[in-house]
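This report is meant for a reader who is meeting the structure for the first time. Please keep the sequence and the model in view while reading, and follow each element as it is named.

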Amino acid sequence: MVSGKLLSMNAEDHETSYANNSFLQQAVISKVRPIIEESVSDMFREMSPTCVKMADLGCSSGPNTFHTISQVIHTIHGICKRQQSELPEFQVLLNDLPQNDFNSVFKSVPDFIARLKKEKGDMGCYVGGVAGSFYERLFPTRSLHFVSSSNALHWLSKVPDRLENNGNIYMTRSSPPDVFEAYANQFQKDFTNFLSSRSTEIIPQGRMVLSCKARENPDPSMEDYIWELIIAKSLLDLVAQGAVKEADVDSFNLPLYSPCKEEIGEIVEREGSFEINSLQVFEVDNYGLIRERLCNKDLGFKEVCIEMGKDVANIARAVFELIICSHFGDAIIDELFLRYAALAAEALTCGMSYKQANIVLSLTKK
């Protein structure tokens with residue numbers, strides 16, 4: 001069984017690394033920016049701490065790592081400049097699982113600090129890394145003013161129990177009710193643990209802004225799971241070729257869950273430590289973002305779909321490679337994602353939508 005502890009994005013700087021294939025996640029961060037600015041502004045005006053202590057949970061590595069932190073500092077810098085008050089110091093804590101590419105994160109810290117000083121003048125910003133699961137305690141009691149997490153909470157701490165009759169690697173429209181229930185129960189447990197842990201670590205009236213993949217329909221059986229199903233179809237093609245054992249596919253399930261807005265709200269209310277400031281669902285047009293990357297190429301429709309299929313495969317590989325290798329080994333990876341690219345291109349040629357719903361949640365610690 002795949003463990004959530006194995007989750008990590010592809011490291012280093014190469015064609016299928018997360019650093020080079022995280023522009024869709026960056027689009028989510030950009031969409032959430034106004035909510036972060038509002039939350040940070042409210043927090044800072046109420047507290048005015050001399051050192052703002054903040055954490056980014058599920059920071060990964062690559063160009064997105066410092067985006068949210070930069071937004072927080074920029075917002076507080078603007079407030080201080082307008083009020084002609086002294087800028088506080090900042091303690092930044094970057095969290096992810098131990099196998100995250102923290103080496104590249106730490107190598108990028110000096111450039112990040114240098115850019116801050118060039119843009120905002122001399123200031124104190126101290127960056128550290130905290131390795132561990134955000135479904136457990138990570139920080140001292142009442143030590144944080146602001147917490148953010150983007151594109152991470154849809155990953156579960158583990159594959160749900162009781163998926164023996166799933167018949168697929170994830171949920172599908174035809175999944176039995178107990179499969180949907182198992183995934184929902186695991187998310188409820190994980191997200192409750194997340195809130196409970198942060199409740200202890202965040203000071204009263206501290207803020208938290210969270211975003212993750214979502215589904216828009218409260219009924220999970222009414223959702224399309226096309227891109228996860230393409231992974232399943234690619235694996236089954238390798239079974240037909242004799243490259244993968246069918247039993248290995250049968251025992252493989254993704255520790256992934258896209259909640260609906262109603263689920264999130266109910267869990268927050270039940271856990272009871274936070275007040276909901278806003279809870280929204282928004283879409284990112286992944287198709288449009290990938291298509292823009294090909295705007296300088298003179299290609300026909302079919303060729304565009306083929307190139308987009310390759311991009312979609314690289315995006316999926318950057319996210320799923322480690323977890324697939326942990327179960328099947330790495331010998332099949334190149335062939336698997338070549339097949340994935342072909343199937344993705346075929347789906348795009350047939351007009352398949354590639355929009356992704358996301359939830360953004362703004363909370364205040366009671």
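Predicted model: local features only at pLDDT ≥ 70, side-chain atom pairs only at ≥ 80, totals over all residues.

Helix H4 (residues 177-201) and helix H7 (residues 261-271) have axes that come within 10 Å of each other and cross at roughly 45 degrees. That angle is why H4 counts as oblique to H7, and the crossing in which H4 passes H7 is right-handed.

Helix H9 (residues 301-328) packs with helix H10 (residues 333-349) at an angle of about 140 degrees, their axes being 7 Å apart. This angle makes H9 oblique to H10, and the crossing of H9 and H10 is right-handed. Where H9 meets H10, the contact is made up of 17 nonpolar, two polar and four charged residues.

The strands come next. Seven of them form an open sheet with mixed pairing, and their order in the sheet is S3-S2-S1-S4-S5-S7-S6. Strand S3 (125-131) and strand S6 (274-285) are the edge strands, each of which pairs on one side only. From one strand to the next, the twist averages 15 degrees. In general, the strands of a sheet pair through backbone hydrogen bonds, in either a parallel or an antiparallel manner. Here, S4 and S5 run parallel and are joined by six bridges; Ser149, for example, has Leu210 in S5 as its bridge partner.

How many cavities of 30 Å³ or more does the structure hold? There are two such cavities.

| Space | Volume | Lining residues by class |
|---|---|---|
| Largest cavity | about 40 Å³ | four nonpolar, five polar, no charged |
| Second largest cavity | about 30 Å³ | seven nonpolar, no polar, no charged |
| Second largest pocket | about 460 Å³ | seven nonpolar, 11 polar, eight charged |

The largest cavity is lined by Ile29, Val32, Ile36, Thr68, Ser148, Ser149, Ser150, Val209 and Ser211. Helix H1 (23-47), strand S4 (144-150) and strand S5 (202-213) are the elements that give two or more residues to this lining.

Leu210 in turn belongs to the lining of the second largest cavity, together with Leu153, Phe191, Cys212, Ile264, Ile359 and Leu361. Two elements, S5 and strand S7 (355-365), each supply at least two residues of that lining.

Which residues lie closest to the centre of the second largest pocket? Of the 26 residues in its lining, these are Gly62, Pro63, Phe66, Ser108 and Arg115. Helix H2 (67-83) and helix H3 (102-120) each supply at least two residues of the pocket lining, and the largest share, 11 residues, comes from H3. Charged residues, of which there are eight, take part in the lining of this pocket, whereas the lining of the largest cavity has no charged residues and the lining of the second largest cavity likewise has none.

Terms used. Residues numbered from 1 in each chain as written. Heavy atoms only, no water. 1 Å grid on protein atoms, 1.4 Å probe; cavity = no way out; pocket = protein on both sides within 12 Å on 5 of 7 lines; lining within 4 Å. Points joined across faces, edges and corners; volume = space filled by probe spheres on them. Helix = DSSP H or I, 4+ residues; strand = E, 2+ residues; numbered from the N terminus. Nonpolar A, V, L, I, M, F, W, Y, C, P; charged D, E, K, R; others polar. Axes fitted to C-alpha atoms, helices over the stretch in contact; angles between N-to-C directions. Parallel < 35°, antiparallel > 145°, perpendicular 65-115°, else oblique. Left-handed = near helix turned anticlockwise from the far one by under 90°. Pairing = 2+ DSSP bridges.
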